[in-house]
Amino acid sequence: MVDLTTDLGKGLILRNPVLTASGTFGYGEEYADFVDFNKLGGIIVKGTTLNPREGNPYPRMAETPSGMLNAVGLQNKGVHYFVEHIYPRIANLDTNVLVNVSGSTIEDYVACAEIVNSLECIPAIELNVSCPNVKQGGMAFGVNTEGISKVVEAVRKVYHKHLMVKLSPNVTSIVDIAKAAEASGADSVSLINTLLGMAIDAAKRRPKLSTITGGLSGACVKPIALRMVWQVSKGVKIPVVGLGGISSATDAVEFMLAGASAIEIGTANFIDPSLSGKVGEGIADYCEKYGFTASSQLTGALLTD
Amino acid sequence: MIISDFTLVEIQKWTKVSLLKLQCEERLPNILPGQFVQVRIDQSPSTYLRRPISVHNVIPENNEIWLLVQKVGKGTETLCELPVGSIVNIVLPLGNSFTLPCLRCSCQAQPTDYLLVGGGVGIAPLLYFGKVLQTQYNIRPTFLLGGRSQSDLVQIDSFQMYGDVYTTTEDGSAGEKGFVTNHSVLEQMTANKGLQVCCCGPKPMMMAVAKWAYAAHLNCEVSLENMMACGLGACLCCVEKTTEGHLCVCKDGPVFNINQLLW
Ligand SMILES: Cc1cc2nc3c(=O)[nH]c(=O)nc-3n(C[C@H](O)[C@H](O)[C@H](O)COP(=O)(O)OP(=O)(O)OC[C@H]3O[C@@H](n4cnc5c(N)ncnc54)[C@H](O)[C@@H]3O)c2cc1C
Ligand SMILES: Cc1cc2nc3c(=O)[nH]c(=O)nc-3n(C[C@H](O)[C@H](O)[C@H](O)COP(=O)(O)O)c2cc1C
Ligand code: FES
C-alpha cells in the first residue's frame, strides 16, 4: 500500500495530494454525481470576496487550442452568504474544504479572511492575489513583491490556520514573488493562476471576451506551469502546490517530480468531471510501479543528471 | 447525471445537419424535454471542451438518445461525419426543462395546449418535448418550424407523429414564405389563453417570438444557447443577465420564462 498522506504543514493534512482548483469545481456539490469526495485531498471552493460580485458581462469564455480563456471576474455572493448558506451544506463533506479568498483592497482581504478564520471546518485558505479578471486589485497585489508582502502580512495577522498563497504567472520573476510570500508568513504557495491572454473573432472584428483580455487555462499552459513549479520549489522552503493544465495522473506526477507537494485539478474537470476522483489512485499506481512507498517521495524527485 | 460511453448505432445525414442515434450500456436516467448533453469530441486541440447538444429524442428501452447536429465549426462537423460504431463520451442529462403540465395540481393557470416553435437546428429539443406531451400528458402540441430553406426542415415526419406541423422558409421553398412569426396559424392561437409557447432557435427568432407572445399575453419560454465550458453550473462562464442577476444557462436554464430575461 502506497502512503498518499500529504502534510502541507500548519495542520493541513490531506489524504492524498489531489485538490480541485478554485473556480473550476464550484462548491463541490456540482460534481457529487461524478466524484467520491473521500477520494480527494480537498476541494478549493470558488473565489470568495467580502462583498457580493456580479462578475463580468457575457461573453466570459472563449475556447483556444487545448485550452480556454475565462473572464468570469469573481462572480460570487460574498462571504456572508457563503457562511450562512453554503458552508452548512459543505462543511461536513468527507474531505478538506478550503476557501479561495479574493479581494480588491487589503481591508477586503483581511475582513474576508477573518470571517473564514472563524469557520471550524475550514482548515486553510488559498489567498488569491493573482486573478487577472478584476479591474483594480487582485493581480495588482500579486505582480510585485511589495504588493504581495503587504497583503500576506496583513492577512497573516488575522488568519491563524494554514495560509496558502496563490501566485500569478503574469510576472517577471515568480520566484521573487514566492519568496516574498514566504517571508511574509505564507504556509504554502500554489501556482499557477491563469495566464493573461486574448482571443479575437476576425470575422466580426471583435474580441471574443467582453473584457477583451482574460485568463488562459487548460492543457496548453502545462509546460509553463511545470517550469514555474520547478523554479519556485528550488527557491522556497514552504510546500508548493502545483497546477496548470493537469489532465491525468501522469501530469500530476510530473508536477510532483518538479517539486510540488500537492496538485490541483482545474479546467480538466470540465472535460472529465470524474477525473479528480481518479488521480489519487493513479499517483499510487505510479508509486507502486516505480518503487516509491509514499507519494511524498515524489516531491522534487526529478533526475537531472 | 451520468458520464458514459455511447456507441453510434445509426446516422442520417442531410446537407448541414445529421441525426445521430447513440446507445449506451447503462440504464439512462430520466431525461426531461429541453435538457441537453455535453459531448466529448476527441482527437483535436480545437475541440478541447465538450459541446452542448439538446436531446432530440430518447428511446429508454434501448438506452438510446438522438442528437440533431448542425455543422457550424470543427466540433459539430466531426460529429456530423462520425462513422457508425464510433464511441462518443457523453455527460447527461443537464439543465432544467420546459414547463410541463402538473398532473397533481388543478390550478387554473395550467397550460392546456402547447405551441412549440423551432428555428434551424433549434427544432432539436422539440421532438422529444412533443413525444412526452403526447405519451405522458395526452396533449397534441402544435409545431411551428422555420428554416432558411427546405433543406433546413428535417425530421418533419417524426414531428407529425406527435402533433400538427406548420412550416415557414425564408426563401419560400417549403411551407409559408417568411419568418415563423409571420405564419398565418398564429392568428387563431392568440385567443387561447391556456396556450404555452415554447421556443428554441436563433436569438433574433426567439426575441421575435417572445415579443409576439408577450403582446398576446401568452406564457412563453425560450431555450438559450450561451457558450459553455463545464455545463454543470460550476464555472459561471455561460451566464445570462436576468431579473435575478447573472444566472447559469447550463444549470438555471437553458429554458427561461421570457419574463426573467432582459430582452
Ligand atoms: C444548451 C444548448 C443546446 C444546444 N443544442 C444544439 C443541438 O441540438 N444541435 C446543434 O447542432 N447545436 C446545438 N447547440 C449549439 C452547439 O453547442 C454549437 O453549435 C457547438 O458547440 C459549436 O461547436 P463547433 O466546434 O462546431 O463550433 P466552433 O468551432 O466552436 O464555433 C464555430 C462557430 O459557432 C459558434 N458557436 C460556438 N458555440 C456556440 C453555441 N453554444 N451557440 C451558438 N453558436 C456557437 C461560434 O461563435 C463560431 O462562430 C446547443 C447549444 C447549447 C448551449
Ligand atoms: C472558469 C474559471 C474560473 C476560475 N476562477 C478562479 C477563482 O475564482 N480563483 C482562483 O484563484 N482561480 C480561479 N481560476 C484559476 C484556476 O483555479 C487555475 O489556477 C487555472 O485555471 C490553471 O489551472 P488549470 O489549467 O488546471 O485550469 C479559474 C479558472 C477558470 C477556468
Ligand atoms: S458552463 Fe459552467 S456554469 Fe454553465
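# Exercises on a predicted two-chain model with two ligands

Just after α7 of chain A, A:Gly259 has a positive phi of about 130°. The coordinates come from a predicted model.

**Exercise 1. Decide how far helix α7 of chain A is enclosed, and find what covers it.**

Step 1. Locate the helix. α7(A) spans residues 249-257.

Step 2. List its buried residues, using the limit of under 20% relative accessible area. They are A:Ala249, A:Asp251, A:Ala252, A:Val253, A:Phe255, A:Met256 and A:Leu257.

Step 3. Draw the conclusion. Seven of the nine residues are buried, so the helix is largely enclosed by the rest of the structure.

Step 4. Name the cover. Over these buried residues lie, among others, α6 (222-235), β15 (240-242), β16 (262-265) and α9 (276-290) of chain A.

**Exercise 2. Describe the setting of A:Thr49: is the residue buried or exposed, and which residues does it contact?**

Step 1. A:Thr49 sits in the loop between β4 (42-48) and β5 (61-64) of chain A.

Step 2. Check the accessibility. The relative accessible area of A:Thr49 is 5%, so the residue is buried.

Step 3. Collect the contacts, leaving aside neighbours within four places in sequence. A:Thr49 touches A:Leu74, A:Asn76, A:Gly78, A:Val79, A:Ser102, A:Gly103 and A:Cys112.

Step 4. Look for a polar contact. The side chains of A:Thr49 and A:Asn76 make one, at 2.8 Å.

**Exercise 3. Place A:Gly214 in the chain A secondary structure and classify its accessibility.**

Step 1. A:Gly214 belongs to strand β14 of chain A, residues 213-217.

Step 2. Its relative accessibility is 0%, so A:Gly214 counts as buried.

Step 3. A:Ile177 is 37 residues away along the chain, and the two C-alpha atoms are 22 Å apart.

**Exercise 4. Work out which parts of chain B form the shell around ligand 1.**

Step 1. Divide the chain. Chain B has domain 1 (2-94), domain 2 (113-223) and domain 3 (224-263). Domains 2 and 3 of chain B have centres 22 Å apart, taken over C-alpha atoms. Their contact involves ten residues of domain 2 and eleven of domain 3.

Step 2. Count the shell. Ligand 1 is surrounded by 20 residues, the closest being B:Pro52, B:Leu68, B:Gln70, B:Gly75 and B:Thr76. By type, the shell holds eleven nonpolar, six polar and three charged residues.

Step 3. Assign the shell. Domain 1 and domain 3 of chain B each give at least three residues. Within chain B, β4 (51-54), β6 (64-70) and α1 (74-80) each supply at least two. The largest share, four residues, is from β4(B).

Step 4. Find the polar pairs. Oxygen atoms of ligand 1 lie 2.8 Å from a side-chain N or O atom of B:Arg51 and 2.6 Å from a polar backbone atom of B:Pro52. A nitrogen atom of the ligand is 2.9 Å from a polar side-chain atom of B:Ser54.

Step 5. Check the burial. Ligand 1 taken alone exposes 860 Å², and the protein buries 78% of that.

**Exercise 5. Which chains surround ligand 2, and how much of its area does the protein bury?**

Step 1. Identify the chains. Residues from chains A and B surround ligand 2, so the site is shared between chains.

Step 2. List the polar pairs to ligand oxygen atoms. A polar side-chain atom of A:Thr267 lies at 2.6 Å.

Step 3. Check the burial. Alone, ligand 2 exposes 610 Å², of which the protein buries 96%.

Definitions and conventions: Residues are numbered from 1 along each chain as its sequence is written. Chains are lettered from A and ligands numbered from 1 in the order in which they are written. This is a predicted model: local features need pLDDT of at least 70, side-chain atom pairs count only at pLDDT 80 or more; totals for chains, interfaces and linings use all residues. Side-chain values use heavy atoms; hydrogens and water are left out. A residue is near a molecule or strand if one of its heavy atoms lies within 4 Å of it. A polar contact is a pair of N or O atoms within 3.5 Å; within protein, one must be able to donate a hydrogen and the other to accept it, and residues adjacent in sequence count only if both atoms are side-chain atoms. Accessible areas come from the Shrake-Rupley method with a 1.4 Å probe; for residues, only the protein chains shown count as cover. Ala, Val, Leu, Ile, Met, Phe, Trp, Tyr, Cys and Pro count as nonpolar, Asp, Glu, Lys and Arg as charged, and the others, Gly among them, as polar. Domain bounds come from an automatic or database domain assignment. Buried means under 20% relative accessible area, exposed over 50%, partly exposed in between (1.4 Å probe, protein chains only). Contact means heavy atoms within 4.5 Å.
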